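Work through these exercises with the model open. Try each task before you read its solution.

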Amino acid sequence: MSNLLPLQAVLNARASVPAGDAAAGRRGCPLSDLRDRLRRAGLRPTRQRLSLGWLLFGRGDRHLTAEMLYDEAMRAKVPVSLATVYNTLHQFTEAGLLRQLALDGSKAYFDTNPSEHHHFFLEDEGQVLDMPDCGITVDSLPEAPEGMEIAGVEVIVRLRRRGPVARKA
Ligand SMILES: [Zn+2]
C-alpha cells in the first residue's frame, strides 16, 4: 500500500505538466498508461474508471470482490457507490481487463491478471492465491460436446487451514 501514490494527487497532477514536457512526462506515467489501457479496451477513461482502475491495477496481480474494492475506494476517499463499483468491475471484465473467477457462489472475485492461470482458494477466509506456473498440468481433457470446443481450463484447488496439532498427553 505504501508504494501507491495518493490518488487525488495523481489525478490532479496531469493538468500541471507543461506542454513541452508532456511526451516525456507521459512515458512511464502509470496514470497515462491506465488511460491508454482503458481507451484500447474501448472504455472512455472517465474519472471514476480512472480512480477505480488506479486502485485495482496499481498494486500488481491480485484478486478482489466488489466489496473489497469499495472499501479501498472509501479509504482513498474516492466518491463512488457500491453499485458503481459493481458496474465498473463488470465493464472492465467485459473489456478484457479483468477476469471474473467462479470460486464461490455467493461472491464474485475479480482477477487483475486476465490471462489464463490456476488458483488456490482458501474457502474459510475467502482468500485467493495464484498457483505457481508449475503447479499443475492438465494433459487429459474430455472431448468437447458436438459443435463445441474447449475455450479454457481453470483449476481451483480449495484449501483449508490444518486443524490444531493434537498435543501429546
Ligand atoms: Zn489469479
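**Exercise 1. Are helices α3 and α4 roughly parallel or roughly perpendicular to each other?**

*Solution.* Start with the elements: helices are DSSP runs of H or I with at least four residues, strands are runs of E with at least two, and both are numbered from the N terminus. Helix α3 covers residues 30-40 and helix α4 covers residues 47-57. Their axes come within 10 Å and cross at roughly 110 degrees. Axes are lines fitted to C-alpha atoms, for helices over the stretch in contact, and angles run from 0 to 180 degrees between N-to-C directions. Angles of 65 to 115 degrees count as roughly perpendicular, under 35 as roughly parallel, over 145 as roughly antiparallel, and the rest as oblique. Therefore α3 and α4 are roughly perpendicular to each other.

This is a predicted model: local features need pLDDT of at least 70, side-chain atom pairs count only at pLDDT 80 or more, and totals for chains, interfaces and linings use all residues. Residues are numbered from 1 along each chain as its sequence is written.

**Exercise 2. Which residues make the contact between α3 and α4?**

*Solution.* Two residues are in contact if their C-beta atoms, placed from the backbone, lie within 7 Å. From α3 come L31, L34, R35 and L38. From α4 come R49, L50, G53, W54 and F57. Now sort them by class: six are nonpolar, one is polar and two are charged. Here Ala, Val, Leu, Ile, Met, Phe, Trp, Tyr, Cys and Pro count as nonpolar, Asp, Glu, Lys and Arg as charged, and the others, Gly among them, as polar.

**Exercise 3. In what order do the three strands of the open sheet lie?**

*Solution.* The order is β1-β3-β2, with antiparallel pairing. Two strands pair if DSSP finds at least two bridges between them. β1 (63-65) and β2 (99-104) stand at the edges with a single partner strand each, so one side of each has no neighbour in the sheet. Neighbouring strands are turned by 40 degrees against each other on average, direction ignored.

**Exercise 4. How many bridges join β2 to β3?**

*Solution.* Four bridges join β2 to β3 (residues 107-111), and the two strands run antiparallel. Take two pairs. Q100 has F110 as its bridge partner in β3. D104 has K107.

**Exercise 5. Which helix lies across β1 and β3?**

*Solution.* Helix α5 (residues 66-75) does. Its direction is about 85 degrees to β1.
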